[in-house]
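Let's take a walk through this structure together. Have the sequence and the 3D view ready, and we'll go a stop at a time.

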There are 2 protein chains.
Amino acid sequence: MQFFKVKTVEETFTLIDEKIPAIEQTEIRELFRALHYILASPVTAKENVPSFDRSTVDGYAVRAKDTYGSSESMPGFLTVAGEVKMGEVPTAEVTQGTAVYVPTGGMLPKGSDSVIMIEHCEDVDTLLNTYRQIAPGENVIRAGEDIREGEILLSRGTKLRPQELGALASLGITHVTVFRKLKVGYLSSGDEIVPYQTETLREGQIRDINYLTIAGLAQEWNVEVVYGGIVRDDFAEFRERARALYDEADCLILSGGSSVGAKDYTTDVIQSLGDPGVFVHGISIKPGKPTILALANEKPVIGLPGHPASAMIIFKLFGERVLRKLKGEKCDRKPERILAKITKNIPSSMGRADYIRARLFEKEGEWWAEPIIGKSGLITTLVKSDCLVEISSEKEGVSQGEWIPVIPSR
Amino acid sequence: MQFFKVKTVEETFTLIDEKIPAIEQTEIRELFRALHYILASPVTAKENVPSFDRSTVDGYAVRAKDTYGSSESMPGFLTVAGEVKMGEVPTAEVTQGTAVYVPTGGMLPKGSDSVIMIEHCEDVDTLLNTYRQIAPGENVIRAGEDIREGEILLSRGTKLRPQELGALASLGITHVTVFRKLKVGYLSSGDEIVPYQTETLREGQIRDINYLTIAGLAQEWNVEVVYGGIVRDDFAEFRERARALYDEADCLILSGGSSVGAKDYTTDVIQSLGDPGVFVHGISIKPGKPTILALANEKPVIGLPGHPASAMIIFKLFGERVLRKLKGEKCDRKPERILAKITKNIPSSMGRADYIRARLFEKEGEWWAEPIIGKSGLITTLVKSDCLVEISSEKEGVSQGEWIPVIPSR
């Protein structure tokens with residue numbers, strides 16, 4: 001077997017970014033059903049938004065210079081020459097010395113260049129007293145000020161959040177070309193693992209928890225999971241079942257295989273799926289050191305550690321990044337981190353990144369992270385926690401009261 | 001019309017927490033389909049997890065005291081008396097002076113109290129050299145150490161994240177009682193608003209953007225949205241359409257009505273739906289001051305400001321909280337905030353909370369927020385942003401380089 005050097009967390013992220021390609025298949029989706037999909041083609045604006053000059057307030061459309069010199073003590077005077085109706089082209093025009101009432105969102109009448117708010121003037125029998133001077137363009141959104149015809153509104157690789165859907169809707173776009181939804185295959189291995197639905201355990205057996213945590217995370221990331229079941233510690237059977245699931249999915253996830261035999265198998269099974277094969281075999285991280293990342297003919301394969309908490313932490317840190325790349329998403333950032341103060345000293349080893357489960361609380365306007373103590377095999381440590389404290393590999397632990405980066409998981 | 005005093009942001013949150021009740025209907029869901037639902041009944045553990053003492057490492061099960069005094073220079077000696085198979089009850093026992101091989105996750109044999117890692121011993125023809133002394137319980141997870149039979153694992157009101165699903169799966173729980181999915185009705189009003197699918201706009205018309213942004217946020221929160229369409233600025237029609245949608249949904253959202261007429265209607269329409277009626281009418285916040293919150297016969301009603309960015313910000317800040325309470329979720333926290341440094345001075349008024357769209361970036365290990373300048377009517381300001389900077393009502397602006405709270409939206 002090839003010899004692999006354990007990678008740092010940073011090296012692992014760099015390798016993922018270098019190696020994982022986007023899937024090629026795209027689909028056309030209704031805008032309304034495209035939340036969290038990734039754009040596969042840029043979107044160019046085919047018209048201006050708004051398509052006309054609009055008022056941003058309730059007020060009177062005027063020529064700004066007709067208000068110059070107006071103040072509370074020395075009001076100016078204009079003649080009200082009509083009213084703009086919502087959704088309609090104004091019939092009245094603004095000329096020197098006149099004003100036209102316009103509601104918020106209404107179209108500016110010809111001749112006007114600004115809107116004086118109703119709070120700053122008074123309409124006395126079509127004589128408008130203006131108590132303030134305004135500048136040209138004040139309280140107006142110009143045609144094309146939000147989106148300009150011909151501009152690239154959204155580029156390829158953009159994740160469609162609610163605001164991107166809104167921006168697309170403003171152009172009347174009803175369908176978008178996106179990368180299709182990913183399908184990930186999940187396979188558990190281990191003679192002691194039984195389906196979680198098993199009502200009564202025999203002694204020595206453990207239910208397949210990781211399936212629920214991994215599928216739950218995948219669902220949060222808009223990824224479908226195909227359950228490949230549980231495979232016994234048998235090399236030939238493992239390889240065959242892994243291959244079948246690999247063929248069906250865009251990415252294969254193998255959950256641990258914690259017996260020595262299975263550990264040996266896992267790498268060989270992954271290498272058997274295709275080239276270039278394993279590119280990370282072990283990460284200098286705690287928990288989760290025995291993580292495997294591979295690429296077999298453009299499809300990523302992830303070998304997770306078997307302990308439930310380790311598996312979940314590794315999948316959250318690196319699995320999410322693998323899947324974002326595979327989805328075609330532009331991702332120029334690490335997972336989001338909060339800064340919080342740590343409630344106690346935690347020692348750690350230089351050269352290894354530590355991720356500590358913790359609970360956030362607020363005290364006097366500051367965030368504090370209270371570490372949850374517990375072995376990495378305990379799922380309840382994750383239930384009690386709502387974040388991960390990150391101690392990077394350059395640090396020898398953290399001191400009570402120190403500001404540290406924290407990854408929330410609510 | 002009743003007179004309402006504008007509320008502060010804090011007062012608004014307090015009122016929401018006091019007034020919004022949880023819906024009463026619950027349903028039984030398969031565990032696999034329960035992600036992000038809220039538990040309606042506490043879950044008590046009916047068995048221990050794990051159900052047996054397990055090894056957390058590959059090693060040899062021993063009596064700890066048989067290793068006392070062992071060291072690299074003075075190894076101890078034990079006789080290897082067998083091997084534990086994964087998922088099976090050990091046939092071998094550990095007695096004084098013997099050791100039994102046990103893989104990670106394997107069941108501890110009778111007589112043993114700890115496991116010495118393979119790295120710390122050497123098996124030479126069934127003679128085990130131990131190079132380290134270990135303590136009782138070392139490298140072992142005890143039966144019930146993760147979850148103890150009879151304990152309340154999860155309380156009513158818990159949101160089911162992936163780790164909660166995992167913990168429930170570890171007990172073999174296949175179905176859970178949760179509050180049913182919320183259904184929210186969304187109704188737009190305004191003579192200038194047309195469906196977003198409208199291909200060609202007449203001058204003065206605007207597409208219904210808010211529907212996409214509001215429905216997108218609701219989808220992120222596991223809430224279904226029923227689209228009530230767009231209603232003209234006509235009081236009777238508005239009241240009738242609002243009532244019909246209110247009857248059908250658990251919560252009604254009205255999107256603004258930016259003409260003066262519609263503004264007057266909205267409060268009256270909401271008051272007509274039932275008691276106790278409006279409890280927030282205006283918030284000292286920018287943007288989004290004209291927000292309305294009401295409760296009509298146990299159903300919340302939210303009147304959003306009409307500008308797209310304002311509507312989205314208000315719905316994110318207060319709408320999410322309303323819906324979490326309505327879902328039955330325990331929520332003892334404000335929306336999550338990151339601390340970041342601000343790139344420029346921003347003035348603001350005492351007594352009013354300001355929410356500024358901004359973009360986060362990392363520089364020399366610190367997070368910085370760069371404000372996006374733009375009118376609140378511009379949806380593209382939200383597209384360009386990935387967070388909201390919060391300037392609380394006690395502050396008169398923030399200074400360049402100051403640490404400020406930021407709500408991310410990725």
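What follows goes from the pairing of the chains to a helix, then a loop residue, and finally the cysteines.

One thing to keep in mind is that this is a predicted model. Start with how the two chains relate. Turn chain B by 180 degrees, with a shift of 0.0 Å along the axis, and it can be laid on chain A with an RMSD of 0.1 Å. That is the relation of a two-fold axis. If you'd like to find that axis in the picture, look for B:Ile338: of the residues of chain B, its C-alpha comes closest to the rotation axis, at 2.4 Å. And how do the copies meet? 100% of the interface residues of chain B are also interface residues in chain A, so the two copies come together through the same surface.

Now move to helix H3 of chain A, which runs over residues 209–220. At the start of H3(A), a side-chain oxygen of A:Asp208 reaches to within 3.5 Å of the backbone nitrogen of A:Tyr211. Just after the helix, A:Asn222 takes a positive phi of about 65 degrees.

Next, hop over to A:Thr56, in the loop between strand E3 (54–55) and strand E4 (59–62) of chain A. Is this residue buried or exposed? Its relative accessibility is 18%, and since buried means under 20%, A:Thr56 counts as buried. Leaving aside residues up to four places away in sequence, A:Thr56 touches A:Thr104, A:Asn139, A:Val140 and A:Ile141, and it also touches B:His307 from chain B.

Last stop: the cysteines. A disulfide is a covalent bond between the sulfur atoms of two cysteines. How many disulfides are there over all chains? The count comes to zero. Take B:Cys387, which is in no disulfide: the nearest cysteine sulfur, that of A:Cys331, is 19 Å away. B:Cys387 is buried, with a relative accessible area of 1%. B:Cys121 is buried as well, with a relative accessible area of 9%.

Technical notes:
Residues are numbered from 1 along each chain as its sequence is written. Chains are lettered from A and ligands numbered from 1 in the order in which they are written. This is a predicted model: local features need pLDDT of at least 70, side-chain atom pairs count only at pLDDT 80 or more; totals for chains, interfaces and linings use all residues. Side-chain values use heavy atoms; hydrogens and water are left out. Helices (H or I, at least four residues) and strands (E, at least two) are DSSP runs, numbered from the N terminus. Buried means under 20% relative accessible area, exposed over 50%, partly exposed in between (1.4 Å probe, protein chains only). Contact means heavy atoms within 4.5 Å. The expected span of a helix is 1.5 Å times one less than its number of residues. A polar contact is a pair of N or O atoms within 3.5 Å; within protein, one must be able to donate a hydrogen and the other to accept it, and residues adjacent in sequence count only if both atoms are side-chain atoms. A disulfide is a pair of cysteine sulfur atoms within 2.5 Å. Copies are superposed by least squares on the C-alpha atoms of residues with pLDDT of at least 70 in both.
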